[in-house]
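My notes follow in the order in which I looked.

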Amino acid sequence: MKAASNRTLLIAKRRKAFLSSLSLVSVTLRDIRDARGISQETLAKWSGVGAKTISTYETGARTARMSIENLGFICCALGITIAEFFDEVRKRILAMEVQE
C-alpha cells in the first residue's frame, strides 16, 4: 500500500510541475514578444495565428491546447526556432526549481 501512496505523491508532484511549466510557456511567449517590441496584433499578422488566440496563449487560458503548428508559426514570426523557445522555457523551469 505504501508503494501506491508514493506513486500517488509522485504523480501529484509531476502534475504540479507540468502546470507550472505551462504557465512558464505563456510568460515566455509574452516576454519574447515584448522584448522584440511586437504587439499581439502584429504577431498575429506575421504568424497567421489570430490575435485573440495569441492573447489566450499568453494569459495561459489556452496554453495546454496550443498546437505545435501554431507555436511553429509564432516562433517563425518571432525569429526563433521551436527548440530555442523551449530552451528558454527550460532555463526558466530550472531557475524556478533552484528557488524552491
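I began with helix α2 (residues 40-47) and helix α4 (residues 68-78), whose axes come within 8 Å and cross at roughly 110°. For the terms, I noted that helices are DSSP runs (H or I, at least four residues) numbered from the N terminus, as are strands (E, at least two), and that axes are lines fitted to C-alpha atoms, for helices over the stretch in contact, with angles running from 0 to 180 degrees between N-to-C directions. The two helices are therefore roughly perpendicular to each other, given that angles under 35 degrees count as roughly parallel, over 145 as roughly antiparallel, 65 to 115 as roughly perpendicular and the rest as oblique.

I then looked up which residues make this contact (heavy atoms within 4.5 Å), and found Leu43, Trp46 and Ser47 on α2, with Phe73, Ile74, Ala77 and Leu78 on α4. By class, the contact of α2 with α4 has six nonpolar residues, one polar and no charged ones, where Ala, Val, Leu, Ile, Met, Phe, Trp, Tyr, Cys and Pro count as nonpolar, Asp, Glu, Lys and Arg as charged, and the others, Gly among them, as polar.

Before going on, I wrote down that this is a predicted model, in which local features need pLDDT of at least 70 and side-chain atom pairs count only at pLDDT 80 or more, while totals for chains, interfaces and linings use all residues. Residues are numbered from 1 along each chain as its sequence is written, and side-chain values use heavy atoms, with hydrogens and water left out.

How many salt bridges does the structure hold? I found seven, a salt bridge being a side-chain nitrogen of Lys or Arg within 4 Å of a carboxyl oxygen of Asp or Glu.

One of them joins the side chains of Asp31 and Arg92 at 2.7 Å, N to O. This pair links distant parts of the chain, with Asp31 in helix α1 (residues 2-35) and Arg92 in helix α5 (residues 82-99), 61 residues apart.

Arg33 forms a salt bridge with Glu58, the closest N and O atoms lying 2.6 Å apart, and here helix α1 is linked to helix α3 (residues 51-59) across 25 residues. I noted that both Arg33 and Glu58 are buried, where buried means under 20% relative accessible area, exposed over 50% and partly exposed in between (1.4 Å probe, protein chains only).
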